[in-house]
Amino acid sequence: MANNNSCLARITAGVAIGGAVGGAVGAVYGTYEAIRFKVPGLMKIRYIGQTTVGSAAIFGLFLGAGSLIHCGKGY
């Protein structure tokens, strides 16, 4: 059972780190795109927020999946 708990902890950590990195990248990219496309007024905040959340979700999903795949290997 200890292996199962450590596996879950590794997956959770992978999702958290992926979400943090994805959120940071999404915020920078969303800000760049909002300025580049001249998104008007308060729509910039919505655009940046959508980009940040979407990027965080994708990065978190893939890093969590990678942690799950590596979990079965005895490292």
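Guide: At 45% relative accessibility, Ile58 counts as partly exposed, a class lying between buried, under 20% relative accessible area, and exposed, over 50% (1.4 Å probe, protein chains only). Ile58 has its place in helix H2, where helices are DSSP runs of H or I with at least four residues, numbered from the N terminus. Before going further, note that this is a predicted model, in which local features need pLDDT of at least 70 and side-chain atom pairs count only at pLDDT 80 or more, while totals for chains, interfaces and linings use all residues. Residues are numbered from 1 along each chain as its sequence is written, and side-chain values use heavy atoms, with hydrogens and water left out.

Helix H2 covers residues 43–71; it has 29 residues and reaches 41 Å from its first C-alpha to its last, close to the 42 Å expected at 1.5 Å a residue, the expected span being 1.5 Å times one less than the number of residues.

Ile58 belongs to a nonpolar surface patch of about 630 Å², made together with Ile17, Val21, Val25, Phe59, Phe62 and Leu63. Such a patch is made of residues with over 30% relative accessible area and no salt bridge, and its nonpolar side chains (Val, Leu, Ile, Met, Phe, Trp, Tyr) are joined within 5 Å; a salt bridge here is a side-chain nitrogen of Lys or Arg within 4 Å of a carboxyl oxygen of Asp or Glu. The accessible areas come from the Shrake-Rupley method with a 1.4 Å probe, and for residues only the protein chains shown count as cover. Helix H1 (2–36) and H2 each supply at least two residues of this patch, and H2 gives the most, with four residues.

Phe62, another patch member, also has its place in helix H2 and, at 58% relative accessibility, counts as exposed. The C-alpha atoms of Phe62 and Gly18 are separated by 7.5 Å, although these residues are 44 apart along the chain.

H2 also has buried residues, including Thr51, Thr52, Ser55, Ala56, Gly60 and Gly64. Ser67, in the same helix H2, is buried because its relative accessible area is 16%. Not counting residues up to four places away in sequence, Ser67 touches Arg10, Ile11 and Gly14, where contact means heavy atoms within 4.5 Å.

Methods:
Patches are made of residues with over 30% relative accessible area and no salt bridge: like charges are joined within 9 Å, nonpolar side chains (Val, Leu, Ile, Met, Phe, Trp, Tyr) within 5 Å.
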